[in-house]
Structures are given as structure tokens and as C-alpha cells.
Amino acid sequence: MSEPRQPLPDTVVQGRTGGTNLVRVGVQNRALVLDLVRRRGPFARADLVRATGLSAQTVSNIAAGLVGAGLVREVPGGGRRLEVVAGSRSAIGVHLDPAHLVVVRTDLTGAVLAVEHVDLDATDDPARTLDTMAAAVRRVRGDGSRARSRTDASAPAGIGLAVPGSIDPDGVRMGTPAQLPAWWSLPVTDELAARTGLPVLLEKDGVASALGEVWAEPAADDMVSVFLGHGISAATVAAGEVVRGATGNAGEFGGMPVEAHGRWTEVWEACQPLQQVRRAVTAGLLPAGIPLDRATDVRRAFERLCATPAAAPLVAEAGAALGSALAHVVELLDVPRVTIGGSAALAGGDVFIAAVRERLAVRLPQGPFPTVAATAFGEASVARGVACAVLQADLAVPAPAVRGAGPVRRPGGPVHLRSIAHPW
């Protein structure tokens, strides 16, 4: 038996404290127990008492409610240990990249049940791209024969949409990503909800990637999750929680100055695929005249470049630039782990990741030196992560907003636009 579903909150606000009431405390305790069972189960009730600090009676009552709701169950022959029912919840994640669309469906553990990849040029026709999104959502839901589903999970709690660049504090529109000018004023969540009949939660791609990295971790973790696709961002995870920032836009990392390719520049320009392809053409590593007008053309040319052995030094230079920028972040936050994902990083492969590690070792000879690895979730990492954001919003309790405070606005005026064609 499933619980009645509440609409997804407009925003997920974390890290604030304030007055509360017994009802809210009860729901928060329930969310805490469920999260522990999901991350670290199977879990005996006595262990849950020790882990949460709640009374044995409170844990027993919460466990009975979760079992009754179908979210957890007792392990057969397991001494009344509790484990999560993976299929009791599912969510859909959509990652919009200027050159590529990834749509997944996950269960409560974050396991990917179905996935769709669609090449596209999303820069100039939002309506057509939204139609493509909606069709892919229907397929991963199982509404069409092309959905590659391994199991029959419950109806999705909603859709998470991960987008490049900043998002508006209202959680309905993107900010002003330079790659997608036709999307700036579009109420993208409303448009996708109207096409699919499901509530839509908007996240930055970097934030979504970080959440996906820690969703199923057995213990709280501190880390930095770097996303490198057509753009770049770096999201922070502190004690297992993704830092979204006051407006949901934490992670704007691309402006970090680095010395790369023979000059000082910004880290985004040192690593960005279009800039790398142009350098490769100048160096004779790629033929002159290859089309670069569309994001899909740039993606294919960059993947071709990364697969060329003679281009390894160019790829490594971009990795070294990222390592230089990350050295400041690692020292500031004292994190033990860095995970790198995104289509550009995955195309760079071992050459790129090794160069990041080597530069960090040079810049941080006395430590702290983190582990550095590519994401284990491939190109679906962002879509999976934003699906996990939907599950988090569906099952957790956002902190109460302060009444009368009004919407949070980004200080300092409009976001500075960085052209993907010109570095300054």
C-alpha cells in the first residue's frame, strides 16, 4: 500500500534552524530513520536506536509506519532487521546539455531502471526540445516499447530537470546560461509538467551530480564533485549534504584563474570542448574546416580529439588546469575526495584524470591530498542525481521558510555571461 503523495516543494531549503512543532519533529525523525535504512541497511531496530539517539519506542513506532507504507520491510530470517524496499518509490531525472539529453528512471536506492540518450541541439528551439524530453520521459516510465526497464517500480514521484548555468531563485526558470539564450525567460518546469503530467523540480547540473554521488553512500561524506560538460561547475558535499547555497546556485567555479596553454586564463576556457577543438585545429591535430556551429558537432569533434593519441598533451594540459583550480578548493574545504564527471571529462578519460591528480600533487605537496576519480555513473550521473533530488524532496522535510521574508534574490545584479566562443 502506497502513501498519498504530496506535490514536490518549490525549493529544497537546507541547513536552516528555527521553531518547529511535534508534527514536524515526528516527520523529521521518520525521514532520519528511513535515510539510515536506505544508506546503511539492513538495520536492526536496536542499532537504529543507537544511531539516531531516539527512544526504542519511537524507533519501533517509526519502523511500523514505514513498513505499513511499504517503504521498508523486515529481512526474511534476518532477526527483524529492516531494509529499504527499492521499488517503493521511483523518480525520473532529465539532464539537459546543449548537445545531449539524458533521461533516467531510478528506484529509491538510486539504481537506474531505465535510460534514454538523445543527441540534440537545444540552443534555439525550446518547444521542440521539450517535446523530445517528454517523449523520452514517457519511454522510461514504460509508456512505450523503447523503455529499457529491468523492474516494475512504483509511479514516479516526479521529474528532476538538471540544467547548465544558474537557475532563478523561483525554481521555475533557468538563469542566463550563455549556451541557451532561447531558454532564458521560459518557465521550463511548467512547460515540462504540462507535457508529462508530473511535478518538476529544477536543479543545477553540478548540484545534481554531487547529490547523485552521495545518495547511496553508506556513511556521511565530505567531497567536491566537479562537472565538466559544455560548461564547468564544482559542487560541495559537507557531512553528506549537498551545499546548494542561498539561491540554489552554489558551484560557479569556471572563473577560477589558472595558467594553461601558455597564458593565464579562466579554468572553463582551459577545459571547455569548443576551445580545445579550436586549439587542436590550430595545432594540426584536427582538420581545418570541421563544422563547429552546433553543439553536437563540437561534441563529436572533441570526442574525436580525445581519442587521438597525439592529442594527449592537449588533453593533459586541460586536466592540469583543472587540478590547479581544485588545489584552492581542496585547501579551503579540506575535503578527502574529488569526483569528476560530465561528457568532456569522460571523453578525456584516464589521461585527463591522471593530469588532475598530478597537478594536485604538485600544488599540495604537504596535503591535504584527496582521492581523485571519475564518476562511477558515466554520462547518466547528472540525470541520476537530479532523480535523487526528487526522491529527497518527496521523502524529506524542507526547513520552514521565514514568513514575510520574500523571495531570495541574487545580490550584485545579473549573472555575468561567459561566451563559450571567447574567453573574456
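Tutor: Here's a walk through the sheet, then the helices on it, then a few ring contacts. Keep in mind that this is a predicted model.

The sheet is open and has five strands, and reading across it you get β5-β4-β3-β6-β7, with mixed pairing. β5 (112–119) and β7 (200–204) are the edge strands; each has a single partner strand, so one side of each is left without a neighbour in the sheet. As you step from one strand to the next, the twist averages 15°.

Let's zoom in on the β5 end. Its partner there is β4, residues 100–107, and the two run antiparallel, joined over seven bridges. To find your place in that pairing, look for Leu101, which sits opposite Val118 of β5.

Now for the helices. α6, residues 205–214, packs on the sheet and touches β3 (90–96), β6 (156–163) and β7. The direction of α6 makes about 100° with that of β7. Then there's α12, residues 381–395, which lies across β3, β4, β5, β6 and β7. Relative to β3, α12 runs at about 135°.

Finally, the rings. What you do get is charge over ring: Arg384 has its charged end over the ring of Phe377, 3.7 Å from the ring's centre. Arg38 does likewise with Trp215, its charged end sitting over the ring at 3.6 Å from the centre.

Notes. Residues are numbered from 1 along each chain as its sequence is written. This is a predicted model: local features need pLDDT of at least 70, side-chain atom pairs count only at pLDDT 80 or more; totals for chains, interfaces and linings use all residues. Side-chain values use heavy atoms; hydrogens and water are left out. Two strands pair if DSSP finds at least two bridges between them. Helices (H or I, at least four residues) and strands (E, at least two) are DSSP runs, numbered from the N terminus. Axes are lines fitted to C-alpha atoms, for helices over the stretch in contact, and angles run from 0 to 180 degrees between N-to-C directions. Contact means heavy atoms within 4.5 Å. A charge sits over a ring if NZ of Lys or CZ of Arg is within 6 Å of the ring centre and within 35 degrees of the ring normal.
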